Amino acid sequence: MKLNPDCVRTLLLSIEDETTYYNSWDYKSNNPPSSLNRYSPEEIAYHARQCALSNLIEELHVYGNCEHIQIKDLTPQGHEFLANIREHSVWSKTKSIASIVGSKSLSTLVQISAAVITELVKRHLGLT
């Protein structure tokens, strides 16, 4: 399956919205969060696995035929990446640069988003 960066972002936003210290993110295909309606349960499970492998989420459990997915929380790296790409303008710029350089891997998206934020901070401080 091809990695869909928008699915990753939507998934991370949903996890952030739903998790607390006591509650994990709980996806059920018969009642998915509205933000994830456009993705199949298999797509969500696949992208969750990629996020787990990239250390963006912790404790992924997939049950049945992807009908039920549980994720404990975002990792510190997941929170940082999401903070960097939360704003639509930063996310659009990140995806645009990824297309130009020809790589949309999660590690590349994480690096690009950090560089975009660094550049925005420098510009805001008048350092560029």
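## Terms and model

Contact here means that heavy atoms lie within 4.5 Å. This is a predicted model, in which local features need pLDDT of at least 70 and side-chain atom pairs count only at pLDDT 80 or more, while totals for chains, interfaces and linings use all residues. Residues are numbered from 1 along each chain as its sequence is written, and side-chain values use heavy atoms, with hydrogens and water left out.

## His47 and its surroundings

Leaving out residues up to four places away in sequence, His47 touches Met1, Lys2, Leu3, Asn4, Cys7, Val8 and Leu11. His47 lies in helix H2 (residues 41–53); helices are DSSP runs of H or I with at least four residues, strands are runs of E with at least two, and both are numbered from the N terminus. Because its relative accessibility is 1%, His47 counts as buried, a term that means under 20% relative accessible area with a 1.4 Å probe and protein chains only. The His47 side chain also reaches the backbone nitrogen of Asn4 at 2.8 Å.

## Strand pairing

Strands E1 and E3 pair in the antiparallel sense over 4 bridges, where pairing requires that DSSP finds at least two bridges between two strands. Within E3, Gln70 stands opposite Asp26, and Leu74 is the bridge partner of Ile57. Strand E2 (residues 57–63) also runs antiparallel to E3, joined to E3 by 6 bridges. E2 and E3 form a hairpin with 4 residues between them, and Gly64 in the turn has a positive phi of about 60°.

Conventions. Buried < 20%, exposed > 50% of the residue type's maximum accessible area, 1.4 Å probe, protein only. Polar contact = N/O pair within 3.5 Å; in protein donor to acceptor, adjacent residues only side chain to side chain.
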